[in-house]
Amino acid sequence: MMVLCCAGSSLPAQTLTKEAMNNFAKYTAKTDFSFLEKAKTSVDGIFKTKKDSFNYKNNLIKSLVYSSLAYADSTRKLKYVKDPINETLFSLSQLRSPKLNDDHKPELDFVRIQLIKAWLVIANKASANENYTDAYNAYQSVDSADNQNYFVKHNLAILSEKLGYNNKAIYYYEQLIRDRKRSLPDYYLALSNLYDFKNSNRSLEVVEEGRSLFSGNKDLLFKEINIYVDNGAYNMVENIIGDALRLDPENLHLNYLAGFSYETIGKKEKAEEYYKKVILLEPNNYEGNYALGLFYLNSYIRPNNKKDSFLSLASKYLNLAGEINPNSVNVLRSLAVLYNNTGDMVELERVNEKLKQFILTN
């Protein structure tokens, strides 16, 4: 009698399991949500005892049903004790037999794909609502289930930046640039920027790697130039400034930088040429006029180079710079040096008085 009673009590569970599987099969064949809802009702009735919760077949069918609900019922119109994603993950955690998992690999792959689709719905919705933390968490879940998804890594890198997770952003951008066929110049630029304050050598390496793939990219080229400038490596700037100017010949900043770099490494004629180019492009450019005026002043002060024409040119451009920016301390100090060399005491006194007042009031 005990055996019969036990057998009798197990029949409903077996029937429910069969109904759940049949309805789930109909859902996958017809994609009719009503069959999935019926499968849910059946599978919810299976788990009556503690033994039921450890049964491999029960947990497998529940994983199939609830992972499908996680995606198909993205608006959660049905009532749940726990979210379908959490129900699925719990049931999956009960599937502890390596042999059975291997035997049921197609079913488990189906569950994984459904979860990925469900997380992507959540991530896309959160991104649209600018809820970047939820989007990040959902995309991370996708990445944990499918770490080959390039689109997801792209989004994780950008979201990490937005959220200030710099180490995570570096981690994802490093992965993105490994795929040379799909990598983008923006990945290299963003990664280099992230390394600026952590590892300046790596920042430069990343830019150089990017330039080897995207030699015509203006942003990467300018970034490389800026790194050399920050490091005072003007000889390196000289090597690539020509490439930058070919891409953007009328860029004031680049022409000024070219002039400054050539002046720093002692190529005075080239420096003069590019400073003049800045003024030609924009006559009222303060940096160009000041740099050229200072260039001529320094040229005059240099030993064995006392040409009156240098003083005249220095006066012309420094005064123009002073007109453009009347409160420039640098211009006033340079003019003081100029008038001290010309012996113009009246102008020297005027400049010194103005300089004194400016320093006191500012």
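Which helix holds both Tyr256 and Phe260, and how many residues apart are they? Both lie in helix α15 (residues 252-264), four residues apart, or about one turn of the helix. Do keep in mind that this is a predicted model.

**Aromatic pairs**
- The structure holds 18 aromatic pairs.
- In one of them, the rings of Phe24 and Phe110 have centres 5.8 Å apart and planes at 85°, so this pair is edge-to-face.
- That pair links distant parts of the chain, with Phe24 in helix α1 (residues 2-30) and Phe110 in helix α7, 86 residues apart.
- Phe24 is buried at 9% relative accessibility, whereas Phe110 is partly exposed at 26%.
- The rings of Tyr256 and Phe260 are stacked, because their planes stand at 20° with the centres 6.4 Å apart.
- Tyr256 is partly exposed, with a relative accessible area of 26%, and Phe260 is partly exposed too, at 31%.
- Ring pairs join Tyr256 and Phe260 into a cluster whose members include Tyr234, Tyr275 and Phe295.

**Helix α5**
- Pro84, Ile85, Glu87, Thr88 and Ser91 are the buried residues of α5 (residues 84-93).
- Viewed down the helix axis, these residues fall within an arc of 160°, so they line one face of α5.
- Their cover includes α4 (56-72) and α7 (105-128).
- Asp83 caps the N-terminal end of α5, with a side-chain oxygen 3.0 Å from the backbone nitrogen of Ile85.
- Thr88 has 0% relative accessibility, and its contacts include Ser63, Tyr66 and Leu115.

**Charges over rings**
- The charged end of Lys62 sits over the ring of Tyr66, 5.4 Å from the ring centre.
- Lys168 lies over the face of Tyr171, 5.5 Å from the ring centre.

Key
Residues are numbered from 1 along each chain as its sequence is written. This is a predicted model: local features need pLDDT of at least 70, side-chain atom pairs count only at pLDDT 80 or more; totals for chains, interfaces and linings use all residues. Side-chain values use heavy atoms; hydrogens and water are left out. Buried means under 20% relative accessible area, exposed over 50%, partly exposed in between (1.4 Å probe, protein chains only). Helices (H or I, at least four residues) and strands (E, at least two) are DSSP runs, numbered from the N terminus. The arc is that of the directions from the helix axis to the C-beta atoms. Contact means heavy atoms within 4.5 Å. A polar contact is a pair of N or O atoms within 3.5 Å; within protein, one must be able to donate a hydrogen and the other to accept it, and residues adjacent in sequence count only if both atoms are side-chain atoms. Rings of Phe, Tyr and Trp (its six-membered ring) pair if their centres lie within 6.5 Å; planes under 30 degrees apart count as stacked, over 60 as edge-to-face and the rest as tilted. A charge sits over a ring if NZ of Lys or CZ of Arg is within 6 Å of the ring centre and within 35 degrees of the ring normal. Lists of a residue's contacts leave out its neighbours within four places in sequence.
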